[in-house]
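Subject: Structure for your review

Dear colleague,

Please find the structure we discussed below. I would be grateful if you could read it alongside the notes that come after it.

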Amino acid sequence: MRLIASKLRAAAESANVTTEALVDAVFGADASSGLADGKGDRKRRAETEKAVKNWLAGRDHPRCRASQILAMAEACGVRAQDIARFTSSARFVRSTPQKTRLVVDMIRDRRVDDALDILEFSPRRAAVFVRKTLSAAIADAEAQGADVGELIVTEARADEGVIIKRFQPKDRGRAHPIQKKTSHITISVEERA
């Protein structure tokens, strides 16, 4: 689950929730989940305030956890899926980024049921990995109570992973290099009305 800063700002403005109220909500969620132990509360509160300001500005550092997103959504009076997107990633997939991007480009900005149909009937090998990643993102959204019929693939990326280097022996003591490229697939779904 990843926070969408623009939607959080809009929800906070419409509900007249101040930054201080969001800090209180996140700090209370951290304290109830056992992340704060009572020692150094002033320092932790300052860190929480800095984090909330970063999130409102669109910077996801430190990474916003699901419990913190739920706390901010409750403080703004909205559902968590209204201010978050559900992201899943598969790393070190044994498919080249170029071939994976061809598959990923087919499903971007589509409804999830259409995207699943496209991936099921695609003859490309990378479609299997992309389908698994998309299914994981859908399952994450469903676990948080999102309406699966309204989910749309908002982000679909295939980044370059590590290159596994091998050599093929050739005649007269030579060797030809072989590069086995890998990909990092990232799929995000978001509920749109």
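The notes below begin with the overall fold and then turn to individual elements and residues.

Please bear in mind throughout that this is a predicted model.

Overall fold

The protein contains seven helices and four strands. Along the sequence these elements run in the order β-α-α-α-α-β-α-α-α-β-β. The radius of gyration is 21 Å, whereas a compact globule of 193 residues would be near 16 Å. In keeping with a description by dimensions, the C-alpha atoms occupy a box of roughly 70 × 40 × 25 Å along the principal axes. Buried residues make up 39% of the 193 in the protein. The exposed surface comes to about 11100 Å², of which carbon and sulfur atoms supply 49%. Among contacts with a separation of 6 or more, 71% are between residues 24 or more positions apart.

The nonpolar core

The largest nonpolar core comprises 45 residues, and Leu 134, Val 153 and Val 189 have the most contacts inside it. Helix H7 gives the most to this core, with seven residues.

Helix H5 spans residues 97–107, and its buried residues are Pro 97, Thr 100, Val 103, Val 104 and Ile 107. These residues line one face of the helix, because they fall within an arc of 125° when viewed down the axis of H5. An α-helix has 3.6 residues a turn, so residues three or four places apart point the same way. The buried residues of H5 pack against helix H6 (112–120), helix H7 (126–143), strand S3 (151–169) and strand S4. Gln 98 and Lys 99 are exposed on the face of H5 turned away from its buried side. After H5 comes Asp 109, with a positive phi near 65°.

Helix H1 (residues 5–14) has Ala 5, Leu 8, Ala 11 and Ala 12 as its buried residues. They are on the same side of H1, since the arc they cover around the axis is only 130°. On the face turned away from that buried side, H1 carries the exposed residues Glu 13 and Ser 14.

Glu 191, a buried acidic side chain

Glu 191 belongs to strand S4, which covers residues 175–191. Is this residue buried or exposed? Glu 191 has a relative accessible area of 13%, and it is therefore buried, the limit being under 20%. Its side chain makes a polar contact of 3.1 Å with the side chain of Arg 79. The side chain of Glu 191 also reaches the backbone nitrogen of Asp 147, at 3.4 Å. Apart from neighbours within four places in sequence, the residues in contact with Glu 191 include Lys 7, Gln 81, Ala 146, Glu 150 and Leu 151.

Phe 27 in helix H2

Phe 27 lies in helix H2 (residues 19–32). With a relative accessibility of 16%, Phe 27 counts as buried. Not counting residues up to four places away in sequence, Phe 27 touches Asp 41, Arg 44, Arg 45 and Thr 48. Between Phe 27 and Ser 183 there are 37 Å in space, C-alpha to C-alpha, and the two are 156 residues apart in sequence.

Backbone geometry

Which peptide bond is cis, with omega near -5°? The bond is the one from His 61 to Pro 62. Pro 62 sits in the loop between helix H3 (41–57) and helix H4 (66–76).

Asn 16 is not a glycine, yet its phi is positive, at about 55°. This residue comes just after H1, in the loop between H1 and H2. Asn 16 counts as exposed, with a relative accessibility of 69%. Phe 92, likewise a residue other than glycine, has a positive phi near 60°. Phe 92 is located in strand S2 (residues 84–93), and at 44% relative accessibility it counts as partly exposed.

With kind regards

Notes
Residues numbered from 1 in each chain as written. Predicted model: local features only at pLDDT ≥ 70, side-chain atom pairs only at ≥ 80, totals over all residues. Heavy atoms only, no water. Helix = DSSP H or I, 4+ residues; strand = E, 2+ residues; numbered from the N terminus. Buried < 20%, exposed > 50% of the residue type's maximum accessible area, 1.4 Å probe, protein only. Polar contact = N/O pair within 3.5 Å; in protein donor to acceptor, adjacent residues only side chain to side chain. Contact = heavy atoms within 4.5 Å. Arc of directions from axis to C-beta. Rg over C-alpha atoms; globule rule 2.2 N^0.38 Å. Areas by Shrake-Rupley, 256 points an atom, 1.4 Å probe, with all protein chains shown as cover. Core = buried A, V, L, I, M, F, W, Y, C linked by side-chain atoms within 4.5 Å.
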